[in-house]
Amino acid sequence: MQLLQTLNFPFLFLTLLTISTTNAHNITRILSNHPSFSTFNHYLTLTHLAGEINRRRTITVCAVDNAAMSDLLSKQYSIYTIKNILSLHVFADYFGSKKLHQISKGSTLTSTMYQATGRAPGTSGYVNITDLKGGKVGFSAEDSGGEITSTYVKSLEELPYNISVIQISHVLTSPEAEAPTASPSDLNITSLMSKQGCKSFANLIKSSGAEDTFTQNLEGGVTAFCPSDGVINTFMPKYNNLTKDGQLQLILYHGVPFYESLGMLKSNNGLMNTLATEGANKYDFTVQNDGEDVKLETKVVTATIVGTLIDDEPLAVYKIDKVLLPRELFKEAPSAPAPKASKGKGKKVIASAPEPDTSVDDANPADQTANDNGSTRINGGLFVSMILSLVLGFLVIF
């Protein structure tokens, strides 16, 4: 009994229960219970905003009904512009009905998902929430000249302080969000890299012949990892020693044929195929989190994401601190062997560790203890047993 109290099983049980239910909202399922918001729900899915909403832990969705969406669609915006406009309706903070009516100083400015894309210049990705007379609450995009274009109607669903889904009267007006937006085919990855400290890698994409592959995959989504200019300049002697095909495979190895936001990379650890993957030639690497850092492990080197050039579906480009070296082209970093004990009388002699392989300069070895899919797994039966033990401990104490 004393041991159970010492370990504080009830607290541990409630903690585990809280962790298991955190971030479990699904915006599509929530809105499916409200048929008058079916168009808004459809476009959240079509623009892939629904997935981003579901991955966020604290968020407010300002939904508009089918009539308001009809007004928006009548303006014949491209799907990419509609995505920007709807992104403005997703706040990066929790605003339930009670909080909306208790705004300090009468108004507050909140950031939106549109601001998070990096497309919104200045403060155009912010929305002003104002407490109006008669218990009303008004909303206006920061770049709309202060004009309140929509008001609070009602709460649809609230899961404090995870997600709040509210209805507002009209689509928010924003000159920046409504501006024409380039389609993925109009994006130029190498130009974007060149302007943000990855010009040397952009030049290698062009000279290796990999540019067409990156461009052709844009429509379906691309995630690219580009080493900075200083990293590439140091690496060039090794690059020049590769064959033409090896150079192409190395550059394609820095691209993934689907979109991965930074949040997705942080939550989806494991093996990831690349643009160089084909049949038995795996050319994959492992995504592994280390606190807030996202690391890419190739078993030859471990690189860390150090910056974001663009993160706006269908394209994400991240800056990394090392060149990704695939084990298909470079020698795999050795793992430390287990100590061996010699047969002797009375004393054990530990064999000395071999000298490390220096054939791959400044390449940190990847984690050799990961399983085949690069992820950590929890035995289901063991987890259930732990939960049952915690429940029993709870019952014994109380």
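This is a predicted model: local features need pLDDT of at least 70, side-chain atom pairs count only at pLDDT 80 or more; totals for chains, interfaces and linings use all residues.
**Strand pairing, helix packing and aromatic contacts**

Seven strands form an open sheet in the order β9-β8-β14-β13-β12-β11-β10, and the pairing within this sheet is mixed. Its edge strands are β9 and β10, each of which pairs on one side only.

Strand β4 (residues 126–131) runs antiparallel to β3, to which it is joined by five bridges. Ser107 has Thr130 of β4 as its bridge partner. Strand β4 is also joined by five bridges to strand β5 (residues 137–141), again in an antiparallel arrangement. Here Val127 stands opposite Ala141 in β5. The hairpin of β4 and β5 has five residues between the strands, and Gly134 in this hairpin adopts a positive phi near 75 degrees.

Thr110 belongs to strand β3, which spans residues 107–111. Its relative accessibility is 5%, below the 20% cut-off, and Thr110 therefore counts as buried. When neighbours within four places in sequence are left aside, the contacts of Thr110 are Phe91, Asp93, Phe95, Gly125, Tyr126, Val127 and Ile129. Among these contacts, Phe95 also takes part in a charge–ring arrangement: the charged end of Lys99 sits over the ring of Phe95, at 4.4 Å from the ring centre.

In helix α4 (residues 38–46), the buried residues are Phe40, Asn41, Tyr43 and Leu44. These residues lie on the same side of α4, because the arc that they cover around the axis is only 165 degrees. The packing partners of the buried residues of α4 are α3 (27–32), α5 (49–55), β1 (59–63), α6 (66–73) and α7 (79–87). After α4 comes His48, which has a positive phi near 70 degrees.

Eight aromatic pairs are present in the structure. One of them is formed by Tyr253 and Tyr283, whose ring centres are 6.2 Å apart; the planes are at 70 degrees, over the 60-degree cut-off, so the pair is classed as edge-to-face. Tyr253 is located in the loop between α15 (244–252) and β9 (255–256), whereas Tyr283 is located in the loop between β10 (270–272) and β11 (285–290); the pair therefore ties together parts that are 30 residues apart in sequence. Tyr253 and Tyr283 are both buried. Ring pairs also link these two residues with Phe225, Phe285 and Tyr318 into a cluster.

A search of the whole structure returns zero disulfides. Cys62 has a relative accessible area of 0% and is therefore buried, the cut-off being under 20%. Cys226 is likewise buried, with a relative accessible area of 0%.

Notes:
Residues are numbered from 1 along each chain as its sequence is written. Side-chain values use heavy atoms; hydrogens and water are left out. Helices (H or I, at least four residues) and strands (E, at least two) are DSSP runs, numbered from the N terminus. Buried means under 20% relative accessible area, exposed over 50%, partly exposed in between (1.4 Å probe, protein chains only). Contact means heavy atoms within 4.5 Å. The arc is that of the directions from the helix axis to the C-beta atoms. Rings of Phe, Tyr and Trp (its six-membered ring) pair if their centres lie within 6.5 Å; planes under 30 degrees apart count as stacked, over 60 as edge-to-face and the rest as tilted. A charge sits over a ring if NZ of Lys or CZ of Arg is within 6 Å of the ring centre and within 35 degrees of the ring normal. A disulfide is a pair of cysteine sulfur atoms within 2.5 Å. Two strands pair if DSSP finds at least two bridges between them.
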